[in-house]
Amino acid sequence: MGENSKSVLIIGAGIAGIQAALDLGDMGIKVYLIEKNPCIGGRMSQLDKTFPTLDCSICILAPKLSECYRHPNITLYTLSEVQKVEGKIGNFTVEVLKHARYVKEDACTNCGDCAAICPVRGVKNYFDADLKTQAAIFIPFPAAVPPVYMIDKDACVNLNYGICGLCAQNCGAEAIDLTQKDSVLTIDNVSAIIVATGLDLDENIAPLSHYGYGIYQNVVTAMEFERLICASGPQAGHLKRISDGVDPKKIAFLQCIDSRTQRAQKYCSAICCMYTTKEAMVAFEHNDELESYVFYIDMRAGGKGFQNFLGRGKDEYNIKYIKSKIAKVNVDENESPIIVYEDLDSGEIKQMTVDIVVLATCIIPTLGLDKLANILDIELNEYRYVKTDPFFPVETSKEGIFTCGCAREPMDIPRSVAEASGAAARAAEVIRGG
Ligand SMILES: Cc1cc2nc3c(=O)[nH]c(=O)nc-3n(C[C@H](O)[C@H](O)[C@H](O)COP(=O)(O)OP(=O)(O)OC[C@H]3O[C@@H](n4cnc5c(N)ncnc54)[C@H](O)[C@@H]3O)c2cc1C
Ligand code: SF4
Ligand code: SF4
């Protein structure tokens, strides 16, 4: 590495950040990859299968996660956030706040003995969309990278009341450090920065009570449904109603929840039509007597083979598409959701009772992007995503700072990967000249 004093800093280690890091690392360029969560992989690691191929998401992602972790040119900081940036293209100085994990990354063997003895139970697991609970010391999912446990500081009784400490006594690797503190790292000589902070979901900011979400147990979001049908999820891949554990026979998927509306977000979330059909297909693979109904305004399948994918949904997976407007979701005495809707083909007001409702909630920019944009001194667009020029989609408003993936707008995995390689190439140009 001739230029190993120069580096690129990437913020966000979802599929976009990971792809950019691998591209740059393979070019011999030093990369600092900053991730706020305890592990890398972003939303893709939470998905069961991916459209349009219905491949197992984590099977495609896992090799990239470990390559990223082991790559000699990539330094990964998890539980970390950028808190200050100074300088300009070719020479930024970046201050990173690294939150305490309370477990030493180089010592933990991922054996789980600590979690087995921890007396605190019932802590919600963010990775399983809060549908599964865990101990105060945990790993988000078994194949997480880095393969290291961490302590939830709000739940741990030692960190709050100075008692317990059982995990430290039970850890044969002496990996637990209950005295660990947050630390600040300064990274000099950063030539370029890539913002790959990805997406959040509407349910994180909106109550959605109009659709019965948060009120009725059998109304779930698409992200929750991904975890419910996943073999590594809270129901071990056996899809059941949350209220009574009964196998569903009829599922309704409601599209454009808070997307394309003056009331909430005005833009199209771009991927829901496709992932809904995928989720209905996967559900059918679990039970081929299942009926799925997709309530849509119009179906948007802009991608190679995507229209064909929707056609297969109809022909091979018993999916019925109903052009409609949802008025309300109620429930009957069995907790079965009743959808009240206007059938846009006939103009009639109708009702349908189903076993589960799945909401395709709007994709929004990652929470906290406003603060990060201030730190980086980059502009956001009217929808609060990173602002880019339509003809230079990976360039931000500041020279030397690039972006890719859902930090910029909602998009699928293939596009996120393609943009990540574009952003990596532009960052490499800063170092190599171009
Ligand atoms: C329900 C659902 C189903 C989907 N199904 C499919 C599918 O089948 N096929 C498909 O192609 N696409 C699918 N997608 C879309 C896919 O999830 C995205 O295309 C992909 O995750 C985008 O990757 P990303 O890296 O841009 O963002 P993310 O996956 O969101 O990753 C961003 C990362 O940045 C981190 N981060 C955020 N802010 C900060 C910060 N300030 N500092 C440090 N780190 C930060 C986050 O913690 C996260 O790890 C689906 C999406 C949803 C919601
Ligand atoms: S912290 Fe110790 S006990 Fe817990 S998983 Fe790591 S090595 Fe095992
Ligand atoms: S010290 Fe905290 S994490 Fe460890 S066993 Fe006790 S409560 Fe659990």
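Figure 1. The shell holds 38 residues, and Gly12, Gly14, Gly42, Gly198 and Gly405 are the closest. Two or more shell residues come from each of α1 (15-26), α6 (222-229), α7 (272-286) and α10 (413-432). A residue is taken as near a molecule or strand if its C-beta atom, placed from the backbone, lies within 6 Å of it. Helices (H or I, at least four residues) and strands (E, at least two) are DSSP runs, numbered from the N terminus. By class, 19 residues of the shell around ligand 1 are nonpolar, twelve are polar and seven are charged. Nonpolar means Ala, Val, Leu, Ile, Met, Phe, Trp, Tyr, Cys and Pro; charged means Asp, Glu, Lys and Arg; the others, Gly among them, count as polar.

Residues are numbered from 1 along each chain as its sequence is written, and chains are lettered from A and ligands numbered from 1 in the order in which they are written. Because the model is predicted, local features need pLDDT of at least 70 and side-chain atom pairs count only at pLDDT 80 or more, while totals for chains, interfaces and linings use all residues.

**Figure 2. Strand β16 and its two partner strands.** Five of the six residues of β16 (residues 291-296) are buried, so the strand is largely enclosed by the rest of the structure. A residue is buried if 20 or more other C-beta atoms lie within 10 Å of its own, exposed if 12 or fewer, and partly exposed in between, with C-beta atoms placed from the backbone. Strand β15 (residues 250-257) runs parallel to β16 and is joined to it by five bridges; Lys250 has Glu291 as its bridge partner in β16. Strands pair if DSSP finds at least two bridges between them. With strand β17 (residues 319-331), β16 also pairs in the parallel sense, over five bridges. Here Val294 stands opposite Tyr321 in β17. β15, α7 and β16 form a right-handed β-α-β unit: with the strands pointing away from the viewer, the path from the first strand over the helix to the second runs clockwise.

**Figure 3. Two cis peptide bonds.** Phe51 and Pro52 are joined by a cis peptide bond with omega of about -5°. Pro52 is in the loop between β3 (49-50) and β4 (55-56). The bond from Val145 to Pro146 is also cis, with omega near 0°, and Pro146 is in the loop between β10 (137-138) and β11 (150-151).

**Figure 4. Positive phi at Asn189 and Asp258.** Most residues other than glycine have a negative phi. Asn189, in strand β12 (residues 183-195), has a positive phi of about 60°. Asn189 is partly exposed, with 16 other C-beta atoms within 10 Å. Asp258 has a phi near 70° and is in the loop between β15 and α7. Asp258 is buried, with 23 other C-beta atoms within 10 Å.
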